[in-house]
Protein chains: 2
Amino acid sequence: MTAGTRRLPVGERLPTLEDVARVAGVSRATVSRVINGIRNVDPQLHEMVWNAVGQTGYVPNRLARSLVTRRTGTVALVVSDSESHDDDPFMGRFFADPYFGRVVGGLMSVLRAAGIQLALQIVGTEEQRTRLVGDLRHGQADGVIVLSLPGHDPLPRMLTDAGVPAVMIGRPADPVPINYVDLANDTGASLAADHLVGRGCQLVAMISGPVDVPASNDRITGFRRSMARHGHAWVPLVSGNFTQDSGEQAMRALLAEHPAVDGVFVANDLMALGALLALRDAGRHVPDDVAMVGFDDSSAAVAASPALTTVRHPLEDMAAESARLLMARIEDPTMRISSVIYEPTLVLRQSA
Amino acid sequence: MTAGTRRLPVGERLPTLEDVARVAGVSRATVSRVINGIRNVDPQLHEMVWNAVGQTGYVPNRLARSLVTRRTGTVALVVSDSESHDDDPFMGRFFADPYFGRVVGGLMSVLRAAGIQLALQIVGTEEQRTRLVGDLRHGQADGVIVLSLPGHDPLPRMLTDAGVPAVMIGRPADPVPINYVDLANDTGASLAADHLVGRGCQLVAMISGPVDVPASNDRITGFRRSMARHGHAWVPLVSGNFTQDSGEQAMRALLAEHPAVDGVFVANDLMALGALLALRDAGRHVPDDVAMVGFDDSSAAVAASPALTTVRHPLEDMAAESARLLMARIEDPTMRISSVIYEPTLVLRQSA
DNA sequence: GATGACTTGGAGAGCGCTTTCCGAAGTGTT
DNA sequence: AACACTTCGGAAAGCGCTCTCCAAGTCATC
């Protein structure tokens with residue numbers, strides 16, 4: 001980074017409040033008032049100021065404004081992964097996953113209307129985390145939406161300690177007094193269990209996500225509990241990492257160990273897609289030989305063949321809600337901490 | 001937005017440069033120099049300053065710093081859609097599409113290493129566009145990556161006129177002197193044509209994207225030209241909007257009008273997925289009855305059954321390259337305008 | 001016509017930082 | 001010992017904006 005005349009051709013200087021004030025023949029303060037619509041300014045001056053704004057082509061400098069108001073009109077979306085480092089290929093996968101896009105879409109649907117921009121941040125190392133929290137305390141963003149990845153992440157605690165308005169999507173792994181929006185993952189898993197047992201499956205297995213992700217864990221717990229209630233005290237379980245590949249491998253492993261399996265609950269649709277492939281390779285028909293229930297109801301579910309019966313995860317709505325929650329929290333920092341839990345539903349298609 | 005003590009409990013004030021200076025017993029200027037590693041400061045003072053930083057827990061305020069340096073360490077990703085308005089459902093679809101995630105992933109892989117954050121902006125209306133450009137001229141972001149959507153978008157021109165460092169992903173619809181990174185879409189389409197004709201298809205059709213998207217247009221042009229060269233002066237063409245649904249409908253329309261179709265080039269994988277469904281419904285086997293080539297080589301391509309033969313679109317690499325290009329341009333504003341065109345390749349799988 | 005209540009606009013003090021300009025030391029040469 | 005040079009650190013002027021004071025003006029009231 002070298003110094004020097006960087007932006008804009010030399011001599012070209014953007015009009016400032018000062019310039020507008022001069023043109024309008026009033027003081028800086030008055031222009032500021034007019035522009036921010038504060039207090040009753042004489043209608044005549046009011047008009048003169050707007051004329052001057054038009055003449056000069058004035059646009060307020062957000063940075064300067066933020067410095068004094070302590071408001072930036074920005075919300076940070078932080079993807080925190082305590083295990084990942086800078087060139088971790090994991091992140092590539094993460095962005096390609098429909099999960100990310102659905103979250104961003106849901107957030108933007110709310111933020112856009114409020115004129116708030118989303119700043120994407122990835123933090124992996126301890127240093128990045130400290131730095132992020134420092135920046136946030138300085139009001140670099142008005143608040144933050146946290147997307148927590150595998151592992152016990154110290155970030156949620158750091159954020160609450162720093163008093164930064166924050167909302168998590170998916171509950172924190174460790175109990176932390178933080179706002180969050182989550183899905184009743186266990187209920188969703190129960191729905192899958194009930195359905196598989198209900199259609200007469202005898203040996204039902206599960207392909208789960210990584211065990212250190214809370215959402216993944218809840219799905220396992222919910223599924224096991226429900227299966228137990230149906231008289232299946234034990235269920236074969238293989239875990240993957242939410243990618244299609246891992247789903248395929250998990251299914252192969254499952255088939256090898258439990259050839260009689262006739263029902264499987266897969267903890268997300270992407271893995272289910274892979275599992276479907278493995279079953280086809282093995283010559284098993286879905287749903288006749290093996291019934292399958294996925295999780296998420298992502299676009300992959302309809303794209304699959306047979307189309308996946310899956311647990312609907314209203315991620316867009318949840319993201320939108322978390323944005324609203326965050327905005328409310330920013331507006332009123334004394335707001336008490338709350339969480340919103342969404343109830344999943346089962347979407348019936350061909351696979352089970 | 002009410003006034004008042006917003007951030008942070010009353011009384012808690014973040015340490016400033018001033019505080020550090022006091023603790024270290026030097027002037028603000030010296031602390032600034034030490035922190036930014038400028039000039040040779042006496043090693044002893046140097047250490048004292050860092051100690052003071054540690055003691056106070058000082059973190060520089062990025063906003064204040066940016067105000068004077070005119071550098072923000074932020075790059076804006078603007079999704080510009082001259083036709084969309086605030087509650088356009090189109091945007092939801094857009095984010096859910098793997099395209100978006102792949103771009104973000106590619107950008108972040110470069111930006112993250114440089115410690116630059118990505119600020120997501122969606123602009124639809126004229127007013128938003130003007131405002132964005134105004135903010136950018138003020139240096140709200142150091143530069144911008146533009147993702148252009150359907151239609152002839154005035155944004156690229158506005159950006160170059162304003163002298164804002166910008167790089168487009170996908171060439172602009174109208175000729176504008178702007179840096180861009182694109183794929184040789186026409187070559188990709190040729191690859192598909194050659195392959196379909198090469199395997200002996202007699203009646204080859206195309207399912208295209210919206211005609212007002214440059215990339216989509218290039219694929220049509222390239223395909224037609226190549227088919228013509230193979231003696232097929234005319235190809236049936238139905239256009240969709242890049243969604244799976246539209247692909248399914250397009251395929252149905254195609255089958256109704258040209259029952260003898262035995263080869264089809266689909267302008268993206270998502271639509272190909274839909275087309276595959278339509279073919280299955282119609283009882284046509286892929287690739288035996290109808291051969292299909294997709295475009296993008298997105299995750300959908302492997303997920304499909306049969307897996308799609310498709311034109312590989314190295315979107316992540318392209319996004320990464322555009323980030324590098326932008327960074328170079330920011331560093332050296334006099335850099336001459338250049339574009340990088342990537343060459344697509346054909347990925348052979350089962351569908352053709 | 002004096003008093004008080006209210007409205008309106010300006011001066012100016014910051015927000016937290018960088019950076020130019022200078023004076024004060026320190027170094028070396030004649 | 002006097003000179004020119006270099007190095008280093010401090011004072012202070014901003015970056016562009018908001019917002020608290022405060023003075024002046026307006027109007028109604030007694």
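Trainee: Among contacts in chain A between residues at least 6 apart in sequence, what share joins residues at least 24 apart?
Mentor: The share is 72%. Keep in mind that this is a predicted model.

Trainee: How many helices and strands does chain A have?
Mentor: Chain A has 14 helices and twelve strands.

Trainee: What makes chain A more spread out than a compact globule?
Mentor: For 352 residues the rule gives 20 Å, and chain A has 26 Å. That is well over the rule, so chain A is more spread out than a compact globule. The C-alpha box is roughly 85 × 45 × 35 Å along the principal axes.

Trainee: How far apart are the mean positions of the positive and negative charges of chain A?
Mentor: They are 7 Å apart, for 32 positive and 39 negative charges.

Trainee: Why is Cys201(A) called buried?
Mentor: The cut-off is under 20% relative accessible area. Cys201(A) has 7%, so it is buried. Cys201(B) also has 7%, so the label is buried there too.

Trainee: How many disulfides does a search of the whole structure find?
Mentor: Zero, over all chains. A pair would need its cysteine sulfur atoms within 2.5 Å.

Trainee: Why does Asp262(A) count as buried?
Mentor: Its relative accessibility is 19%. The cut-off is under 20%, so Asp262(A) counts as buried. Asp262(A) sits in the loop between helix H11 (244-257) and strand S8 (263-266) of chain A.

Trainee: Which residues does Asp262(A) touch, beyond those up to four places away in sequence?
Mentor: Among them are Gly200(A), Cys201(A), Gln202(A) and Asp289(A). Contact here means heavy atoms within 4.5 Å. For Arg284(A), 22 residues apart from Asp262(A) along the chain, the C-alpha separation is 9.5 Å.

Trainee: What makes the phi of Asp296(A) worth a remark?
Mentor: Most residues other than glycine have a negative phi. Asp296(A) is not a glycine, yet its phi is positive, about 125°. Asp296(A) belongs to strand S9 (residues 291-296) of chain A. At 14% relative accessibility, against a cut-off of under 20%, Asp296(A) counts as buried.

Trainee: What is the phi of Phe242(B), and where is Phe242(B)?
Mentor: Phi is positive, about 75°, and Phe242(B) is not a glycine. Phe242(B) lies in the loop between strand S7 (237-239) and helix H11 (244-257) of chain B.

Trainee: Is the peptide bond from Ser305(A) to Pro306(A) cis or trans?
Mentor: Cis, with omega near 0°. Most peptide bonds are trans. Pro306(A) is in the loop between helix H13 (299-303) and strand S10 (309-312) of chain A. In chain B, a cis peptide bond joins Ser305(B) and Pro306(B), with omega about 0°.

Trainee: Which residues does Met158(A) contact, leaving aside neighbours within four places in sequence?
Mentor: Met158(A) is in contact with Arg129(A), Thr130(A) and Val133(A). Met158(A) is in helix H8 (residues 155-162) of chain A.

Key
Residues numbered from 1 in each chain as written. Chains lettered and ligands numbered in written order. Predicted model: local features only at pLDDT ≥ 70, side-chain atom pairs only at ≥ 80, totals over all residues. Heavy atoms only, no water. Helix = DSSP H or I, 4+ residues; strand = E, 2+ residues; numbered from the N terminus. Rg over C-alpha atoms; globule rule 2.2 N^0.38 Å. Lys, Arg positive; Asp, Glu negative; His and termini not counted. Charge placed at Lys NZ, Arg CZ, Asp CG, Glu CD. Buried < 20%, exposed > 50% of the residue type's maximum accessible area, 1.4 Å probe, protein only.
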